[in-house]
Amino acid sequence: MHLSILLPAIVNGVLNGALYALIALGLTLVYGVLHIINFAHGTLLTAALFAAFFMHQMLGLDPYLAVFILTPAFFVVGYALQRFIIGPASHGNDGNILLVTLGLAVIIENALLFAFRGDTRTIDVAYSFAVVPIAGMFISVPRLVGFGGAVAVALLLWWLLSLTDTGKAIRAVAKEKLGAELSGIDVAHIYAVTFGLGTACVAIAACLLIPTYYVNPHVGNAFVLIAFTTVVLGGMGSIPGALLGGLFVGLVESLCGLYLGESLGQIGIFLMFILVLLFHPNGLLGERA
Amino acid sequence: MKRHAFVPIVAAVAALACIPLIVHSNVVLNFLVTTLLLTLAGQGWNVLGGYGGQYSFGHAAFFGTGAYATAILQLRYGLNAWPAFAAGIAAGAGVGAVIGALTFPSGLRGSYFALVTLAFAEVLRIVASVAPVTGAGTGLLIKLDLGAHALQFQSRAGFYWLILALVTGALVITRLIEQSRFGAWLVAVRENEDAARALGVDPTRVKLGAIIISAAMAAAAGCFYAQYFLFVDASIAYGPWISVEALLAPIIGGAGTVFGPLLGALMIKTLGEAAKLVTGDVPGLDLVLYGAVLILVVGLAPRGVAGIGARFRARLAPQKPREAA
């Protein structure tokens, strides 16, 4: 295949991958601390995409500005979900947590379907199709912004976790829940904060996605397995792992799409996911379980 | 073996079998057929998830394989519906064996098992939506050929008795498992896999046996779906809806009990119909209710509706002290 086709596919894959990484960051953070798989992650992304869509439609607010409203709002949503629904309903049992987050996913997706029907919506902003020429390729501006945003959020999370008191408490709870509780950390609060941070990541991802993407009630499902693949690939709970995993998954999807056609492009991701789980369940950068 | 253990099954089935003799409304019979269809798929999930503790989020993989195999064998190879139905069940069990053989030996359990089953179902859905043999995007239409020889019935009652017979089979098999050594191993693996292994149980083989039986039941539901609606496409056969509903029925009714899936299926289908009455045919609300009931049941009655009954009976007989759940 000629380089002039291959190279843009690679660049596009990496740029897409950055957004996968951002969605996966939220998932891996929640897994790393709460040790739960949040099945509602994808539908929370759908909800955030709808929120960004209506902010633009009703208030005329640019998605890149809406991010400053939606991020704190979704932090609160995530905090409340963990504190008042997932935590109390699951009695600390893994199987129950799985079922409760699945129940939440079903509720959110179908409430959106009920309210907005199955229509697919897009927003129209001036820069949706803007491109910049780089090294002979035309690179989409919103995707470049998405890439920058993902990297910025990763750095911010890293700073939060390693240099603030809250971050220290989160890491303490992740390592040794009982010990953290004994030294006066409010574990239920820290769990909820972590879940809130994970949900906030999704809100940022939604605002960066919406200029070039569409929204309908099922859109999050496409991202659920991609995000899980990314997280498993990078190692459950590992932040650099999620970043690298995201870029890699984006690349695989783009190249599979190029060689196998659009609809089979996703198969590459799922097969990779199954293979990694079967043969290397700790991921590429994950800690030994 | 305790013979009286089968009395409740016989009684329930006998009562259900009489319904079409009294009620002739197609709406009611259709409701009961879809409820029993869900019971069958749910019983499949229950064998693996309820008794074995392996939560699958991808039972669509088995349901869809059964549905497609029945349809394809009849359409493309001209096979009679009866052997096609049996082959569909076998094909579903085969997919179960493959998924089990791939996942259980590498020690995937809990959330990881749930994720990997979900991924398998998605892969099959995507393949079915592009492969020519499955009719790709347009799906498959089974030819109308009324008569028992083609497993198609003029009246809803015929279909009703067929699905009731299948459900009866699933109830009996589940009861037999419950009373057998295999069932005891399965529960031991659910409660503590390492302890079970230490006592000489081979968890991989036990789980493999469970997933094959489980898949066969879900596939039977898929085969029936194809015969009843005479249409299959990728989002019906391998769609997430059946994975979710097959799990909801036993969890809500009581996972790890023989009648849990039947109770749960009755409850969620009734709830779904009630939602439709209130809102008309706007999609979404029934599933919102299912999700809410799921969270409520997990939060308030972790052992399902059957568990509430058991707790109530225990309270009526206070001389036997029970440990707190």
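Predicted model: local features only at pLDDT ≥ 70, side-chain atom pairs only at ≥ 80, totals over all residues.

Author: Helices and strands are here taken as DSSP runs, where a helix has at least four residues and a strand at least two, and they are numbered from the N terminus. Chain A has eleven helices and two strands, and when you read along the sequence they follow the pattern α-α-α-α-β-β-α-α-α-α-α-α-α.

Next comes the overall form of the chain. Because a compact globule with 289 residues would have a radius of gyration near 19 Å, the 19 Å found for chain A agrees with such a globule. The C-alpha trace of chain A spans about 60 × 45 × 35 Å along its principal axes. Of the 289 residues in chain A, 53% are buried, and among the contacts with a separation of 6 or more, 77% are between residues 24 or more positions apart.

We can now turn to the place where the partner meets this chain. Here 33 residues of chain A are in contact with 34 residues of chain B. On the side of chain B that touches chain A, two or more residues are given by each of α4 (81-103), α5 (110-128), α11 (240-253) and α13 (285-300) of chain B. The largest share of that side, twelve residues, comes from α5(B). Sorted by class, the side of chain B that touches chain A has 26 nonpolar residues, seven polar residues and one charged residue.

Notes: Residues numbered from 1 in each chain as written. Chains lettered and ligands numbered in written order. Rg over C-alpha atoms; globule rule 2.2 N^0.38 Å. Buried ≥ 20, exposed ≤ 12 C-beta atoms within 10 Å, placed from the backbone. Contact = placed C-beta atoms within 7 Å. Nonpolar A, V, L, I, M, F, W, Y, C, P; charged D, E, K, R; others polar.
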